[in-house]
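Take the two chains together and look at how they meet before turning to single residues.

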2 protein chains.
Amino acid sequence: MSQHPFDTAVALQGQADGSFLGQTSPAYANMVGPFGGTTAAQMLQAVLLHPERLGDPVALTVNFCAAVADGAFTLQARPARTNRSTQHWTIELLQGDEVVMTATALTAVRRDTWSTNELPMPAVSTPQDTPLPAQRSAPMAFVQRYELRVVQGGFPLAWDGSDSGSSLTQLWVRDNPPRPLDFASLASLSDIFFPRIVVRRASPTPVGTVSMTIYFHADAAALARTGTGYLLGQARGQAFHNGFFDQTAQLWNEAGELLVTTHQVVYYKQ
Amino acid sequence: MSQHPFDTAVALQGQADGSFLGQTSPAYANMVGPFGGTTAAQMLQAVLLHPERLGDPVALTVNFCAAVADGAFTLQARPARTNRSTQHWTIELLQGDEVVMTATALTAVRRDTWSTNELPMPAVSTPQDTPLPAQRSAPMAFVQRYELRVVQGGFPLAWDGSDSGSSLTQLWVRDNPPRPLDFASLASLSDIFFPRIVVRRASPTPVGTVSMTIYFHADAAALARTGTGYLLGQARGQAFHNGFFDQTAQLWNEAGELLVTTHQVVYYKQ
């Protein structure tokens, strides 16, 4: 059985100096360069594979400082502070001598506490009752790596410049082919939403995420319960102002567990 | 005329090696150590005062790695990547040889674009029609530095352990005494909300913010329009799970401009 393309993408080679070597994945290519979600997952992977890691991911912030070039990169992950049950990480992705991405992460050993989802999963059609797109013509390879079933707020069918008044998207998503959910794939899925500004305004707009933060509410048990099931993703923009808009998003599993809340700020030119 | 206590708090002394020296401010003391919002503002200030800074803040993520001890600290801000109109920063706060906080920031030169608030300010009573608390007995000094008028979701009046089912807070807030809004004070105000879990459950709970991200939608013109006016803050938790909950929050000015969207993840023990 061949390896899942996501496992190939997040495979890193440990180096003698403690850094990791990685490669952008053609299977997760975007229009230009790699899909940012996969790059975020690769940065997290440098923590997950680190011999000094304590606990599981709770928070990850990745900053897209410059375009990642197709090819090799180096990841340097450093535990900036290790406490009894929490650990803070700083991570850099380098190509040549240039810093291309920066990141910080928090890992922690969780304990059982009172817990609740305050934000329930919206009532939407089941994945099975939500149609696949009639055609999957997106030119970017990474789109083929995800099974996307849009409930509402899909990519505009025509660039008619209309303002929909809402950037809300709800969609079901899972890896294609299906793959048991883990922290790395959850990081990648956190960036699955197409740019809010094209949902809001059906107008071609150059965009690029500049910073993304992921809060993992899922622990290992929740990942195992989710398995290869679908996630419901919801995303909306709150403010669009002079070149930057934000996105606030959530990912639930089919059972309604809120696995991730995530936010990003995106450059746009219009 | 004496200096505003916030200006005293964020005053930093540049060092020959490019770092900055700062001090925790007794005027912004929390129960133990300093108010985290003020510490976040001090970290941002190391970027704002840096001679190589390009543009104004767009994003800031601060990680509270360990308790900040009352007293002096060193701030090291480094431009990790400078592009034509954007700049990515990494920042560390040190006490002795220990990393106590890490942060990343994005500054940018903004351009006029199509802009909108997709999330309108909620319809609430005006600041003038929203009463001040009957007594301001909070033992923490920093609470006295803010004029807080709670619309809904205030600090519980009694620890009766009831579950309100909602962690939503809406409040008007400004510096006390009033001070013209700037990026540093906006960063501090982004952390003004009391812990979501005590709004949700009226039960004493040890908590501590571990990571906070701020997206600045306000530019210098919006700050000037806001001046010393009130901000409407809204905050809610989305998920509370095994030791960590999140908070998603917004700050609007009285004119309804969405100045900040901000998120944090908070450790809790219960």
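A polar contact is a pair of N or O atoms within 3.5 Å; within protein, one must be able to donate a hydrogen and the other to accept it, and residues adjacent in sequence count only if both atoms are side-chain atoms. By that rule, 50 residue pairs, both at pLDDT 80 or more, are in polar contact across the interface of chain A and chain B. The model is a predicted one: local features need pLDDT of at least 70, side-chain atom pairs count only at pLDDT 80 or more, and totals for chains, interfaces and linings use all residues. Residues are numbered from 1 along each chain as its sequence is written, chains are lettered from A in the order in which they are written, and side-chain values use heavy atoms, with hydrogens and water left out.

Contact means heavy atoms within 4.5 Å, and on this basis 65 residues of chain A are in contact with 65 residues of chain B. The two chains bury about 5500 Å² between them, 51% of it on carbon and sulfur atoms; buried area is the accessible area (1.4 Å probe) that two parts lose on being put together, summed over both. On the chain A side, A:Trp114, A:Glu118 and A:Gln238 lose the most area to chain B, together 15% of what that side buries.

Strands also meet across the interface. Helices (H or I, at least four residues) and strands (E, at least two) are DSSP runs, numbered from the N terminus, and two strands pair if DSSP finds at least two bridges between them. Strand E12 (residues 239-241) of chain A and strand E7 (residues 116-117) of chain B run antiparallel and are joined by two bridges, with A:Phe240 opposite B:Thr116.

Six salt bridges cross between chain A and chain B, a salt bridge being a side-chain nitrogen of Lys or Arg within 4 Å of a carboxyl oxygen of Asp or Glu. One of them links A:Arg81 to B:Glu98 at 3.1 Å, N to O. A:Arg81 lies in strand E4 (residues 72-82) of chain A and B:Glu98 in strand E6 (residues 98-108) of chain B, so the pair joins two chains. A:Arg81 is buried at 18% relative accessible area, while B:Glu98 is partly exposed at 43%; buried means under 20%, exposed over 50%, and partly exposed in between (1.4 Å probe, protein chains only). Another joins A:Glu92 and B:Arg78 at 2.5 Å, N to O. Here A:Glu92 is buried at 16% and B:Arg78 is partly exposed at 38%.

Within chain B, seven of the seven residues of strand E9 (residues 169-175) are buried, so this strand is largely enclosed by the rest of the structure. Strand E8 (residues 146-152) of chain B pairs with E9(B) in the antiparallel sense over six bridges, and B:Leu148 stands opposite B:Val173. E9(B) also pairs antiparallel with strand E11 (residues 231-236) of chain B, over five bridges; there B:Gln170 has B:Gln234 as its bridge partner.

Beyond E11, B:Gln238 sits in the loop between E11 and strand E12 (239-241) of chain B. B:Gln238 is buried at 3% relative accessible area. Not counting residues up to four places away in sequence, B:Gln238 touches residues of both chains, including A:Asn117, A:His263 and B:Asp246.

In chain A, A:Phe142 belongs to helix H3 (residues 141-144) and is buried at 9%. A:Phe142 and A:Pro26 are 116 residues apart in sequence and 8.3 Å apart in space, C-alpha to C-alpha.
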